[in-house]
Amino acid sequence: MDIEFIIVYKQTKETNINTQIHVIMALNGHDETSQIPRKVQRLEPSELEQFDDLFPEIVNILHQRWSDNKEITDALNWFKEVQYTISNASHQDHVLHVKSGSLVNGKNRGISVVTTYKLLVKDVSNEDIKLARILGWCIEWNNVGLIAVNDAIYLEACVYEILKHYFRKKPYYIDLVELFHQKWKTAYYSFYLPVALAMYMAGITDEDVHSKAKTILIEMGTFFQIQDDYLDCFGDPSVIGKIGTDIQDNKCSWLVIQALKRNNYGCDDPTKIEKVKDLYEQLDLQTVYSDYEENSFKLLMNLIDKNCDILPKEVFTSFAYKIYKRQK
């Protein structure tokens with residue numbers, strides 16, 4: 001699914017305020033003047049190519065910065081691998097795969113910084129467009145699935161190194177750093193962050209304007225994530241490009257929540273509560289729990305026997321016997 005979202009920052013005399021946010025969301029094509037869907041035009045390949053072409057420069061800067069640091073060697077080698085993959089990636093497919101998964105899906109997050117900035121600023125310089133693309137890469141790297149926790153830590157450090165190298169003399173540098181310090185999920189990184197970065201680049205610092213943008217875009221991101229959950233189960237694999245795995249992966253998806261709600265769970269109604277308990281009886285969950293209790297207690301006792309070389313066993317068994325077979 002292709003999603004375009006556009007924020008236009010302008011003066012509005014009629015409302016007597018200096019700033020107003022207009023959000024245009026295109027989900028298979030919707031604009032602010034028509035309710036009739038239209039086909040969304042993909043970004044011109046030239047923008048994607050220019051976005052990709054900037055990657056080697058960024059990697060080279062990081063390599064110069066940390067080439068003598070042994071602890072980050074693996075991460076730098078990972079960057080080299082990504083660089084090689086990018087140079088051979090198909091711009092037609094707009095998908096890049098690295099190691100355990102997809103680096104980005106069309107780089108929509110990153111390129112959104114560029115497209116939003118162009119909408120906010122009339123006469124853009126090549127240098128500012130380059131900076132917008134660099135911020136786009138910072139977003140993409142912040143969302144890569146890596147093979148080790150250390151890699152993720154190194155990658156985050158690289159993002160801040162990139163910000164410092166290119167933006168430390170900019171008046172909005174601290175604002176950028178603070179945005180990347182926020183720990184959110186899809187709704188933040190895919191929707192609000194690209195727009196907020198472009199807004200700060202464009203000199204839009206009004207907190208109320210940012211708050212309004214965030215309200216709209218986080219809601220949009222939630223909508224997008226729920227769509228993802230739905231399509232994982234009911235989407236056509238030939239269209240979405242994969243077979244959904246949320247069920248077998250034990251994901252707490254929107255569909256699971258809705259199923260629980262519609263099966264009387266979470267309702268403060270005695271009749272519905274009894275129906276849930278009846279279902280527990282049918283599934284014989286009392287026996288399931290009893291078996292779990294016995295097996296867990298045995299496991300605890302074995303762990304205590306094997307690991308109490310210095311501390312007295314009583315330190316742990318005193319707790320274990322208090323909770324074993326407890327009734328309240």
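Biologist: What makes the crossing of α5 and α8 left-handed or right-handed?

Modeller: A crossing is left-handed if the near helix is turned anticlockwise from the far one by less than a right angle, and right-handed if clockwise. α5 passes α8 in a right-handed crossing. Please keep in mind that this is a predicted model, where local features need pLDDT of at least 70, side-chain atom pairs count only at pLDDT 80 or more, and totals for chains, interfaces and linings use all residues. Residues are numbered from 1 along each chain as its sequence is written, and side-chain values use heavy atoms, with hydrogens and water left out.

Biologist: Why are α5 and α8 called roughly antiparallel?

Modeller: Helix α5 (residues 126-141) packs against α8 at an angle of about 150°, with the axes 11 Å apart. Angles under 35 degrees count as roughly parallel, over 145 as roughly antiparallel, 65 to 115 as roughly perpendicular and the rest as oblique. α5 and α8 are therefore roughly antiparallel. The axes are lines fitted to C-alpha atoms, for helices over the stretch in contact, and angles run from 0 to 180 degrees between N-to-C directions.

Biologist: Which residues make the contact of α5 with α8?

Modeller: D128, L131, A132, L135 and I139 of α5 touch Y189, L193, P194, L197 and M201 of α8, contact meaning heavy atoms within 4.5 Å. By class there are nine nonpolar, no polar and one charged. Here Ala, Val, Leu, Ile, Met, Phe, Trp, Tyr, Cys and Pro count as nonpolar, Asp, Glu, Lys and Arg as charged, and the others, Gly among them, as polar.

Biologist: Why is the pair α4 and α8 described as oblique?

Modeller: The axes of helix α4 (residues 108-120) and α8 cross at roughly 40° and come within 8 Å. The two helices are therefore oblique to each other. This crossing is right-handed as well. Among the residues that meet are R109 and Y117 in α4, and Y189 and P194 in α8. The contact of α4 with α8 divides into ten nonpolar, three polar and one charged.

Biologist: How do you know which way α8 and α9 run relative to each other?

Modeller: Helix α8 (residues 186-201) and helix α9 (residues 207-234) have axes that cross at roughly 150° and come within 7 Å. α8 and α9 are therefore roughly antiparallel, and their crossing is right-handed. The contact includes F191 and Y192 of α8, and L217 and F224 of α9. Its classes are 14 nonpolar, five polar and one charged.

Biologist: Which helix gives the largest share of the lining of the second largest pocket?

Modeller: α13 does, with six residues. α13 (285-307) and α14 (314-323) each supply at least two lining residues. Among the lining residues are Y289, E293 and K325, and the classes are seven nonpolar, one polar and three charged.

How values were computed: Helices (H or I, at least four residues) and strands (E, at least two) are DSSP runs, numbered from the N terminus. On a 1 Å grid over the protein atoms alone, a cavity is a set of points where a 1.4 Å probe fits but cannot get out, and a pocket is an open set with protein on both sides within 12 Å along at least five of seven lines; lining residues have an atom within 4 Å of a point.
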